[in-house]
Every structure is written in structure tokens, then in C-alpha cells.
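Welcome! Please take a moment to look over the sequence and the 3D structure shown here.

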Amino acid sequence: GYFAVKILGVRRMKALTGIKVIDFSKWLPGQYCGMVLGDFGADVIKVETPAGDDTRRFFPEALPGMSYWHLALNRNKRGITADIKTEGFRPGYLARYGLDYATVREINPQLVYCSITGFGQTGSYRHKPAHDLNVIGLAGLNSLDDVGSACVSEVQIAALGSSMNAVSGILLALLARERTGEGQAVDINLYNTSLS
């Protein structure tokens, strides 16, 4: 039990101890995924623009410029700033800077690279803006209440579901890497998550 472990001075290593994660995320799906990986012991380095993520200014704020939302989703993370872009990365954007999977894989073939987008890397919707409400609407998850008014979930289903799909995909890719020595790209999108 807990007391026996404490008395013996034995510390249990977390499952992802020794795994480094660079978290470029700006919104809930990626931030939550990074938070879970950090909770499992990964060394998560959160990259923000010099102005900081917009989530820092969400209500309610613990202090000016530091929301409870931001604090919760970025626990267990270290932070750095880099002036890359002020909005989310749409498919193809990171290739302009040599930060796409194909380019960074040449440097490190063991890399596990995860993207969370609204509609995936291909198709006519790949560059469209995506937030939970419009994605679940397109997927047919909005419904009517008993008097015919639109009913929207208080929980961001597409965002949180995609976060957990990303965590699962990353963990499976890490397991595959242990067996093969090769990394891989994990591609998650909110729309497919909502459809499933």
C-alpha cells in the first residue's frame, strides 16, 4: 500500500518519465493532451508566443493575464516563448519553417509527431476554421430539446475527445517505437472524432 511504499522510501516512476514533449498547442485539444502527457510523467515544454496564449486571458482569472483555464491545462509543463505564429497551425503551415513531420523525421526518425486539426491534413475543409460548436454541428451531434430549441453540450465533445484520441495515438506510437525503433506521425482531427 501507500504507507509501505512511503516507509521504504520507494518512489514509483511515472509511465512517461524520460519522454520529452514539445507542446505548440494554443487551444483546448492540444493543451489538454499535453497536460495528460505531463500528468503521466513526460517532460512537457510549452511553447507560447511572446504575448502568451489567448487562454491566459479567459475568465475567470487568478491574476491579470493568468486564467484558471490556462493554469489547469498547463500544469506539469515548463514554458518558453517563440515568435512563430499567433493563431493555430493549419495543415501545411509548419512546412514553411521546416517543422513538418517529413522534415523533422529526417533529423530524428524516432520522433513521434502529433497533429490535432479541425478537419485533417487533406480534403476541401482542411483550411477551414474549426471550433467545437461548428464541428459537432457538421457531424450531426447538435440536437433539439423537448421544446424544439437547439441544444448544445456544455462539454466540448470534439475538443476533449480529440485530446484523448491524441493521447492514445501518441502512446501507441511510443509503444510501436519501442518495438521497431521508428517514430511515426499521429494525425487527429475534431471532425472524425465527432463522427466516431
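## About the model

This is a predicted model, in which local features need pLDDT of at least 70, side-chain atom pairs count only at pLDDT 80 or more, and totals for chains, interfaces and linings use all residues. Residues are numbered from 1 along each chain as its sequence is written, and side-chain values use heavy atoms, leaving out hydrogens and water.

## The chain as a whole

Seven helices and nine strands make up the secondary structure of the chain; helices (H or I, at least four residues) and strands (E, at least two) are DSSP runs, numbered from the N terminus. Along the principal axes, the C-alpha atoms fill a box of roughly 60 × 45 × 35 Å.

Of the 196 residues, 34% count as buried, meaning under 20% relative accessible area with a 1.4 Å probe, protein chains only. Among contacts (heavy atoms within 4.5 Å) between residues at least 6 apart in sequence, 65% join residues at least 24 apart.

## Where H2 meets H6

Two packed helices are described by the angle between their axes and the distance between the axes. Here, the axes of H2 (residues 28-39) and H6 (residues 157-180) come within 8 Å and cross at roughly 45°. Axes are lines fitted to C-alpha atoms, for helices over the stretch in contact, with angles from 0 to 180 degrees between N-to-C directions.

From H2, the contact is made by Leu-28, Pro-29, Tyr-32, Cys-33, Val-36 and Leu-37. The residues of H6 in this contact include Ala-159, Leu-160, Ser-163 and Ile-170.

Key:
Buried < 20%, exposed > 50% of the residue type's maximum accessible area, 1.4 Å probe, protein only.
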